[in-house]
Amino acid sequence: GSREKIPNDSMSFVDVRDTAAAHILLYEKGQGRHLCIAESQHYKTTYELLKKLEPTSKVPTEMDMKEGDEMAKPTPFTCKSLEDLGLKFRSVEETFKDTIASLKEKGLMA
């Protein structure tokens, strides 16, 4: 990676396969606008997961925080409307595992 420190912020994730499934589901059964977010998590959690899945990867371990800063909280979202229609979101870990495997299979990651 190109970052030297972990940002004190959060990021939201959704697997592209879940987004595609949501589009089909809403075309067939739904209407209106919907959030399609599997999970929102702090960057620290994301980097720890990447390190767990790829122990040799270069990911920062130090937080980019000043003394007195509080740890940012992930933004809460609800995608209950999609879940009520039957969508089951993949976990961020599953998405990352599959992405890493795909990148390796294509020779884009060692």
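In helix H1, the residues that count as buried are Asp18, Ala22 and Leu25. These residues cover an arc of only 70 degrees around the axis, which places them on the same side of H1. The model in which this arrangement is found is a predicted one. The other side of H1 carries the exposed residues Val16, His23, Ile24, Tyr27 and Glu28, while the cover over the buried residues includes helix H3 (80-84). Such a division between sides can be set against the geometry of the α-helix, in which there are 3.6 residues a turn, so that residues three or four places apart point the same way. Helix H1 itself, formed by residues 16-29, comprises 14 residues and reaches 20 Å from its first C-alpha to its last, close to the 20 Å expected at 1.5 Å a residue.

A corresponding description can be given for helix H2. Its buried residues are Tyr43, Thr46, Tyr47, Leu49 and Leu53, and these cover an arc of only 160 degrees around the axis, which puts them on the same side of H2. Strand S1 (6-7), strand S2 (10-13), strand S3 (39-42) and helix H4 are included in what covers the buried residues of H2.

The packing of H2 (residues 43-53) against H4 (residues 92-105) brings the two helix axes within 11 Å, with a crossing at roughly 45 degrees; the two helices are therefore oblique to each other, and their crossing is right-handed. On the H2 side, the residues that take part are Thr46, Leu49, Leu50, Lys52 and Leu53, which meet Val92, Glu93, Phe96, Lys97 and Ile100 of H4. Among these, Thr46, Leu49 and Leu53 also belong to the buried residues of H2.

When neighbours within four places in sequence are left aside, Lys44 is in contact with Ile6, Met63 and Met71. Lys44 and Glu94 are separated by 50 residues in sequence and, from C-alpha to C-alpha, by 18 Å in space.

Glu54, by contrast, is placed in the loop between H2 and strand S4 (63-64). With a relative accessibility of 10%, Glu54 counts as buried, since the cut-off for that class is under 20%. Not counting residues up to four places away in sequence, Glu54 touches Ile100, Lys104, Met109 and Ala110.

Notes. Residues numbered from 1 in each chain as written. Predicted model: local features only at pLDDT ≥ 70, side-chain atom pairs only at ≥ 80, totals over all residues. Heavy atoms only, no water. Helix = DSSP H or I, 4+ residues; strand = E, 2+ residues; numbered from the N terminus. Expected span 1.5 Å × (residues − 1). Buried < 20%, exposed > 50% of the residue type's maximum accessible area, 1.4 Å probe, protein only. Arc of directions from axis to C-beta. Contact = heavy atoms within 4.5 Å. Axes fitted to C-alpha atoms, helices over the stretch in contact; angles between N-to-C directions. Parallel < 35°, antiparallel > 145°, perpendicular 65-115°, else oblique. Left-handed = near helix turned anticlockwise from the far one by under 90°.
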